[in-house]
Amino acid sequence: MSRVDQAARLFTDGASCSQAVFTAFAPSLGVDREQALTLASGFGGGMHIGGTCGAATGAVLALGLAYAGDDPASDRAAVMGAVETFFARFAEQAGATECPAILECDVRTAEGRALVREQGLRETRCLPAVRVAAQILEEMLGAG
């Protein structure tokens with residue numbers, strides 16, 4: 001199963017968008033499944049405040065691990081370059097980088113959260129964003 005399909009499966013099985021993307025890539029980056037789920041738990045739903053899409057922040061976690069190398073302080077430029085490349089591609093393919101823009105509602109409100117449930121936006125908007133983030137990551141990091 002591809003990591004794109006793994007991320008989609010994790011998401012449909014109840015993981016947050018961030019958890020799904022990061023956990024699909026974490027083992028190949030030296031982080032086990034439980035650690036990955038824990039590390040990414042605070043980033044879903046735009047960090048639970050309707051900010052940057054959790055699928056994208058899960059990808060940023062993976063990019064940091066992949067590009068930081070042995071000296072994260074000196075490899076910061078490589079990480080930043082990878083993150084910039086990822087976000088440019090994500091915005092182009094997902095249409096936005098922020099949860100409210102992707103969902104077309106404000107998840108910080110009870111009304112917005114109800115709309116997500118009532119209209120199935122997790123499946124119709126979030127799942128495609130998870131797949132896009134994982135696909136971009138797979139291309140940037142290789143299929144391994």
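Me: What share of contacts in the chain between residues at least 6 apart in sequence join residues at least 24 apart?
Reply: Contact means heavy atoms within 4.5 Å. Here, among contacts between residues at least 6 apart in sequence, 62% join residues at least 24 apart. This is a predicted model: local features need pLDDT of at least 70, side-chain atom pairs count only at pLDDT 80 or more, and totals for chains, interfaces and linings use all residues. Residues are numbered from 1 along each chain as its sequence is written, and side-chain values use heavy atoms, leaving out hydrogens and water.

Me: How many helices and strands are there in the chain?
Reply: Helices (H or I, at least four residues) and strands (E, at least two) are DSSP runs, numbered from the N terminus. This chain has nine helices and zero strands.

Me: How many of the residues count as buried?
Reply: Buried means under 20% relative accessible area, with a 1.4 Å probe and protein chains only. Of the 144 residues of the chain, 44% are buried.

Me: Which residues have the most contacts inside the largest nonpolar core?
Reply: In soluble globular proteins, nonpolar side chains tend to be buried together. A nonpolar core is a set of buried Ala, Val, Leu, Ile, Met, Phe, Trp, Tyr and Cys residues joined through side-chain atoms within 4.5 Å. The largest one has 45 residues, and Phe 86, Phe 90 and Val 130 have the most contacts inside it.

Me: Which element gives the largest share of this core?
Reply: α9 does, with 11 residues.

Me: Which residues does Phe 86 touch, not counting those up to four places away in sequence?
Reply: Among them are Ala 56, Ala 59, Leu 63 and Met 140. Ala 133 and Ile 136 also touch Phe 86.

Note on methods: Buried < 20%, exposed > 50% of the residue type's maximum accessible area, 1.4 Å probe, protein only.
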